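Me: I've got a model open and I'd like to talk through its pockets, its ligand and its cavity. Could you take my questions one by one?

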Amino acid sequence: MDFQFSPEETKLQQDAAAFCLREIAPGTQVLDGCLPEAACALVRENLKALGAEGLLDTGRAGSGPDMVRHYIAGEEIAKACPATFLSARASVFLCAGAIDLFGTEEQKARYLPSLLKGETVGALAYSEDQAGTDLGGIKTRAVKVGDTWLVSGTKNLVVNAPIADVLLVLALCGEGPENGAMGLFIVEKHAEGLSIGKGAETLGLRGLPMAPLVMDGCVTQGLLGDAGGRGFSQAETLLSLGTVGITALCVGIGTACMELATGHARSRTAFGKRIGLFQDVGFKLADMFAYNDLGRMLGLRAAWGMNQGEPEAPVMGASAKLFASEGAMKIVNWGMQIFAGHGYLSGSGIEKLFRDAKFGEICEGTSEMQRSLIAAAELDRWVRA
Ligand SMILES: Cc1cc2nc3c(=O)[nH]c(=O)nc-3n(C[C@H](O)[C@H](O)[C@H](O)COP(=O)(O)OP(=O)(O)OC[C@H]3O[C@@H](n4cnc5c(N)ncnc54)[C@H](O)[C@@H]3O)c2cc1C
């Protein structure tokens, strides 16, 4: 068993950490308080900077995704700015990653180079108002008119929708041999029949570009890949691999919180000594470290399992996401307790992380669904034994 990063992975981690601290972290609190247009501009700038630094294509290995490198860069970006991380991830993992995994050579050549440099932005629209966890319930439908697929329907929560150049849309194929099955359709930003709605206000991750897509006979560039009917399994594959990125997000938030809380515990005094020397405060810092460290280990184990094609990798990913997202909620709660009244104030940093962290338990497979997946896999193993 080897817990050591390779020299290249160590270099990636160190370079990503230094770059994100210098270029991305200073904007994170700004983004939290920005008006939507300014936030979109700042996120776009961040994506370009990450792309120019080579940090957007770290998860590409030629023959398939390199989930370990994806995790390493992701944790550093998320630690610096969770909203920037989610925007980058929607663009280069959920959209470009899907094109890389399932697209035709022509689609890859058309979209990947600029997405991976951060020069264009991508998005993935799968869930709907009445179909989040239960993706089988989507209503968005595509019909083929001549050679063109036209999509109609609404996707209400789509990261990057306001700044996206290319969007992948999950829809039911309305006719032909794929009738009733799903496909991922490629939609470009100026497509006829596409409108982008007004972004919703959110608890956390403020500044993350997000808006509904309304499509009315929207002209698409066709199906992702060369055949329809595979959209549901393609979305499932992405969301399963995606547990690694969400684990990186949660651990990044946890690390940022731990750094703030440790600094506060060292500098704040009460009853004549630094508060970190009170056992109750020190134990909270110890628990924060242990939860975060284990979250990282589970994330990297899942990433490694995915790289190896381990049959257990989806369960490893579900466990990692479940543990790290629930761990992040504990960590931000302990962090807030260490800051106490000063943490509760807007602009404290800890208050923002407290709001940002909740997303991990909700997105891309809620904690309930991760538990269901793990339980089903484990019970199946017992039945077979
Ligand atoms: C900030 C943000 C960004 C997002 N970005 C995107 C995006 O880019 N693209 C996109 O398509 N979507 C996006 N979403 C939507 C997101 O994917 C959904 O919110 C998520 O999948 C959960 O779906 P839901 O909110 O409809 O909850 P529901 O599916 O309505 O779930 C509600 C509750 O019921 C529970 N539940 C449901 N089914 C079961 C079951 N079988 N067993 C046990 N419990 C169950 C859930 O665990 C949950 O607790 C985003 C959401 C947010 C908040």
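**Pockets, ligand and cavity**

Me: How many residues line the second largest pocket, and which lie nearest its centre?
Reply: A pocket here is an open set of points on a 1 Å grid over the protein atoms alone, with protein on both sides within 12 Å along at least five of seven lines, and lining residues have an atom within 4 Å of a point. This is a predicted model, where local features need pLDDT of at least 70 and side-chain atom pairs count only at pLDDT 80 or more, while totals for chains, interfaces and linings use all residues. Residues are numbered from 1 along each chain as its sequence is written, and side-chain values use heavy atoms, with hydrogens and water left out. The second largest pocket has 13 lining residues, and nearest its centre lie Asp2, Phe3, Met297, Leu300 and Arg301.

Me: Which helix gives the largest share of that lining in the second largest pocket?
Reply: By class the lining has seven nonpolar, one polar and five charged residues (Ala, Val, Leu, Ile, Met, Phe, Trp, Tyr, Cys and Pro count as nonpolar, Asp, Glu, Lys and Arg as charged, the others, Gly among them, as polar). Helices are DSSP runs of H or I with at least four residues, strands are E runs of at least two, and both are numbered from the N terminus. Six residues of the lining, the largest share, come from helix α9 (residues 279-308).

Me: Where does the ligand lie relative to domain 2 and domain 3?
Reply: There are 15 residues around the ligand, with Tyr126, Ser127, Thr133, Thr366 and Glu368 coming nearest (near means a heavy atom within 4 Å). Strand β3 (148-159) is among the elements giving two or more residues to this shell, and β3 gives the most, three. Domain bounds come from an automatic or database domain assignment. Domain 2 (124-233) and domain 3 (242-384) both give residues to the shell, so the ligand lies between them.

Me: What distance separates a polar side-chain atom of threonine 366 from an oxygen atom of the ligand?
Reply: For polar contacts we look at pairs of N or O atoms within 3.5 Å; within protein, one must be able to donate a hydrogen and the other to accept it, and residues adjacent in sequence count only if both atoms are side-chain atoms. A backbone N or O atom of tyrosine 126 sits 2.7 Å from a ligand oxygen, and a polar backbone atom of leucine 157 is 3.1 Å from a ligand nitrogen. For the side chain of threonine 366, the distance to a ligand oxygen is 2.6 Å.

Me: Which element gives the largest share of the lining of the largest cavity?
Reply: A cavity is a set of grid points where a 1.4 Å probe fits but cannot get out. The lining of the largest cavity includes Cys250, Tyr291 and Phe323, and divides into seven nonpolar, three polar and no charged residues. Helices α8 (243-267), α9 and α10 (313-339) each give two or more residues to that lining. The largest share, five residues, comes from α10.

Me: Which side chain does threonine 120 join through a polar contact of 2.9 Å?
Reply: Threonine 120 is in the loop between α6 (105-116) and β1. A polar atom of the threonine 120 side chain lies 3.2 Å from the backbone nitrogen of leucine 115. The 2.9 Å contact joins threonine 120 to the side chain of serine 114.
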